[in-house]
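Visitor: I would like to learn how to read the strands and side-chain contacts of a model. Please take the features in turn.

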2 protein chains.
Amino acid sequence: MSDYEVLELGPVEAWGDYVSESGTKGKRFVDRTIATQYIGVSANAVEPGEGSAAFHAHSLLEELYLFIDGTGEMALDDEIVPVGPGTTIRVGQGVQRAIHADPEGPGLHYLCIRSGGDVLKELPRDASRDPERTLPW
Amino acid sequence: MSDYEVLELGPVEAWGDYVSESGTKGKRFVDRTIATQYIGVSANAVEPGEGSAAFHAHSLLEELYLFIDGTGEMALDDEIVPVGPGTTIRVGQGVQRAIHADPEGPGLHYLCIRSGGDVLKELPRDASRDPERTLPW
């Protein structure tokens with residue numbers, strides 16, 4: 001068989017129903033099911049008014065956030081960017097990031113794509129949370 | 001300013017309206033606008049009955065195809081996988097691939113994510129088309 005692998009994430013509207021083995025709802029890591037080499041992807045659903053529990057940054061990974069639908073905001077260090085259908089944000093190393101869905105909106109669906117210039121599983125853990133940094137919403 | 005960059009792709013339903021500088025319609029490379037390091041992404045719209053002009057493979061890049069909506073098929077060497085909302089396919093090196101939207105369906109919207117274990121722009125061109133291989137639809 002050729003070197004490919006298939007995973008059915010289901011329709012975007014249903015991503016919020018996914019519950020991981022550790023009990024996290026609405027965040028599914030494609031690369032925990034499919035053995036990828038360089039590409040990490042999570043499929044995310046955020047309820048209205050919900051979002052990141054804290055800021056986090058990466059020292060090695062580049063991340064690209066691609067918002068599929070919904071409305072909200074993304075905080076990048078001290079700046080806030082409004083996000084909606086098709087908003088795509090590349091985040092470099094060291095930038096503290098957090099996401100929030102508008103309380104009055106339909107929620108948010110987005111993909112977080114990550115890669116680090118090497119085989120993903122051979123990279124050390126490079127994420128750091130900053131629970132001291134106050135979320136701006 | 002922090003190290004991030006924003007691109008508005010617009011709503012998924014409107015991706016088919018995008019025309020590149022070279023005149024290609026419905027295929028937009030995020031990394032031609034945003035200066036990414038490791039991550040390449042194209043946002044794609046395929047009309048019903050349309051699809052890849054030929055098979056192609058990569059010798060270095062890993063690709064992950066994430067279908068957002070619509071119905072169609074993806075050919076991977078001699079196999080055919082039906083694709084629909086949320087179908088995600090990791091394609092390894094050397095696999096010839098092509099995509100086709102069902103003639104009777106609404107078309108297809110998908111993302112093609114690519115990475116090669118190094119700074120993307122420093123990798124040599126690694127794609128090869130196989131116009132001799134007959135498309136299966």
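Visitor: Which strands form an open sheet of six, and in what order?

Guide: First, the basis: this is a predicted model, in which local features need pLDDT of at least 70, side-chain atom pairs count only at pLDDT 80 or more, and totals for chains, interfaces and linings use all residues. Residues are numbered from 1 along each chain as its sequence is written, chains are lettered from A and ligands numbered from 1 in the order in which they are written, and side-chain values use heavy atoms, with hydrogens and water left out. Strands are DSSP runs of E, at least two residues long, numbered from the N terminus; two of them pair if DSSP finds at least two bridges between them. Here the order is β1(A)-β8(B)-β5(B)-β10(B)-β3(B)-β2(B), with antiparallel pairing. At the edges stand β1 (4–8) of chain A and β2 (27–29) of chain B; each has a single partner strand, so one side of each is left without a neighbour in the sheet. From one strand to the next the twist averages 15°, where axes are lines fitted to C-alpha atoms and angles run from 0 to 180 degrees between N-to-C directions.

Visitor: How many bridges pair β2(B) with β3(B)?

Guide: Three, in the antiparallel sense, with β3 of chain B spanning residues 40–46. Across this pairing, Phe29(B) is opposite Ser42(B).

Visitor: Which open sheet of six strands includes β1(B)?

Guide: The one ordered β2(A)-β3(A)-β10(A)-β5(A)-β8(A)-β1(B), where the pairing is again antiparallel. Its edges are β2 (27–29) of chain A and β1 (4–8) of chain B, each with a single partner strand, so one side of each lacks a neighbour in the sheet.

Visitor: Is β10(A) buried or exposed?

Guide: Buried means under 20% relative accessible area, exposed over 50%, and partly exposed in between, with a 1.4 Å probe and protein chains only. Eight of the eight residues of β10(A) are buried, so the strand is largely enclosed by the rest of the structure. On one side these are Leu108(A), Tyr110(A), Cys112(A) and Arg114(A); on the other, His109(A), Leu111(A), Ile113(A) and Ser115(A). Seven antiparallel bridges join β3(A) to β10(A), and Ala43(A) has Leu111(A) as its bridge partner. Between β5(A) and β10(A) there are eight bridges, also antiparallel, with Glu62(A) partnered by Ser115(A).

Visitor: How many aromatic pairs are there over all chains?

Guide: Rings of Phe, Tyr and Trp (its six-membered ring) pair if their centres lie within 6.5 Å; planes under 30 degrees apart count as stacked, over 60 as edge-to-face and the rest as tilted. The count over all chains is four. One of them, Tyr65(A) with Tyr110(A), is tilted, at 6.0 Å centre to centre and 35° between the planes. This pair links β5 (residues 62–70) and β10 (residues 108–115) of chain A, 45 residues apart. Phe67(A) and Tyr110(A) are also a tilted pair, at 5.2 Å and 35°. Tyr65(A), Phe67(A) and Tyr110(A) form one aromatic cluster.

Visitor: Where does the charged end of Arg133(A) sit?

Guide: A charge sits over a ring if NZ of Lys or CZ of Arg is within 6 Å of the ring centre and within 35 degrees of the ring normal. The charged end of Arg133(A) is over the ring of Phe55(A), 5.2 Å from its centre. In chain B, Arg133(B) sits over Phe55(B), with 5.2 Å to the ring centre.

Notes. Helices (H or I, at least four residues) and strands (E, at least two) are DSSP runs, numbered from the N terminus.
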